[in-house]
Amino acid sequence: MALYWRHRLLAEATRVLVSSISSDLVDARLDGRAVAESVRAATRQAVESFTQDADPPALAVVLVGDHPASASYVRGKKKAAAEVGIESTVHRRADGISQHELLELIGTLNADATVDGILVQLPLPDHIDQHAVIEAIDPAKDVDGFHPQNLGRLLIGMPQFTPATPSGIMVLLRRALDDLSGKRAVVVGRSNIVGKPLAALLMQRDANATVTVCHSRTRDLAAHTRAADIVVAAVGQPKLITADMVREGVTVIDVGINRVDDDARERGYRLVGDVDYDAIAPKAHAITPVPGGVGPMTIAMLLRNTLQAAQQRRA
Ligand SMILES: Nc1nc(=O)c2c([nH]1)NC[C@@H]1CN(c3ccc(C(=O)N[C@@H](CCC(=O)O)C(=O)O)cc3)C=[N+]21
C-alpha cells in the first residue's frame, strides 16, 4: 500500500513538474497553426519543383460585397498563397453585382488558361443564387471542392478536390489519433461545406469511423456527444459544446468562428469557437483552439488544392 502511494505521489510530482516546463506535453491542445505550417512547408517545396519548368500556380479569388469577415479571410488567403509561391488575384465586385454579371466573370475565369483555381468567397449577397454560381465554376478549377461534381465524387470515394476545411480536420484527427477505425465520430452541423463532406471523409474506407451527423433538430444532442470518441462542432454557436456533454478522453475539433464583442481588443471583437475549450481541455485527449485550430488548416489545404489543380490542368 505504502509503495502504491509513493508511486502515485511520484507520478503526480512528475506531472506537475512536466506541466510547469512545457504545457505542450501534458495538455490536450491540438495546434492547428503548427500543423498548417508543416502542410504549407510541404506545399512550398512542391510548388518550387513545379515552377522549375512551369509558371506558378494561379488562384483567382472572387470577393463580392462587404461581408465583415470576408475581406479579412481573403487577405489571409492571399498572404498565405504568396508565402508558398502561389499567385493570387482578387476580383472584387460591388454588393450590387447582378447574378448574370457574376456568372459572366466566372465564365471568363473558366476560359482563362492562366487561371488554375477559382474560389468564390461565401457567403454571397442574398439576391444571388449561390448554387448557380458554384455550378458555373469549371470543376477542374474548383479548388474549394464545392461543385456538385466534386462533392459527388467525394461521396462515392473518388475524390477530385476535397473541401479544405474537412480535409484539414482529417489531417488534425490523424495527428491526434493513430487509428480512426471504429471510432464513434459525432459531427454537429450538416452544411454542404463542412458537415456533409466531413461525414463522407470519416466514413470512407481509409478512415472507417462510425459517423453520426447531428443538427438543429437533433433530439438530446448531449446523449450523442457523450457517447462519442470524436466530436466535431461546426454550427456557429458559442459554447454549444460544454464539458458535461463529452466523455473523458474525447477528441474535439472546433470549427466555429464566432465574433463576440470585446472592447478590450483593438479590433473590437474576439474570436470564439463552438466549444467551451477551457472546461473541456482538462478531460480531452486532444482539442483544437479557436483561433489557431481549424482556420489555419483550411487555408493550408486550399493552397494544396490549388497546386493540385495546376499539376492536373497542365499535365
Ligand atoms: N469559398 C469559400 N471558401 C472558404 O474556404 C471559406 C469561404 N468561402 N467563406 C468563409 C469560410 C471561413 N474560412 C476561414 C478560413 C480561415 C480562417 C482562419 O485562418 N482563421 C484564423 C483567425 C483569423 C482571424 O484572426 O481573423 C484562426 O482560426 O486561427 C477562418 C475562416 C474560409 N471560408
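Biologist: How are α4 and α12 oriented to each other, and what angle stands behind that description?

Modeller: Two packed helices are described by the angle between their axes and the distance between the axes. Here the axes of helix α4 (residues 68-84) and helix α12 (residues 294-313) cross at roughly 55° and come within 10 Å, and α4 and α12 are therefore oblique to each other. Angles under 35 degrees count as roughly parallel, over 145 as roughly antiparallel, 65 to 115 as roughly perpendicular and the rest as oblique. The axes are lines fitted to C-alpha atoms, for helices over the stretch in contact, with angles running from 0 to 180 degrees between N-to-C directions. Helices are DSSP runs of H or I with at least four residues, strands are runs of E with at least two, and both are numbered from the N terminus. This is a predicted model, in which local features need pLDDT of at least 70 and side-chain atom pairs count only at pLDDT 80 or more, while totals for chains, interfaces and linings use all residues. Residues are numbered from 1 along each chain as its sequence is written.

Biologist: Which residues of α4 and α12 meet?

Modeller: With contact taken as C-beta atoms, placed from the backbone, within 7 Å, G76, K77, A80, A81 and V84 in α4 meet I299, L302 and L303 in α12. The residues of this contact divide into 6 nonpolar, 1 polar and 1 charged, where Ala, Val, Leu, Ile, Met, Phe, Trp, Tyr, Cys and Pro count as nonpolar, Asp, Glu, Lys and Arg as charged, and the others, Gly among them, as polar.

Biologist: At what angle do α3 and α12 pack?

Modeller: Helix α3 (residues 32-50) packs on α12 at about 15°, with the axes 8 Å apart, and that makes α3 roughly parallel to α12. The contact includes V35, V39 and F50 of α3, and I299, L303 and L307 of α12; by class it has 15 nonpolar, 4 polar and 3 charged residues.

Definitions and conventions:
Contact = placed C-beta atoms within 7 Å.
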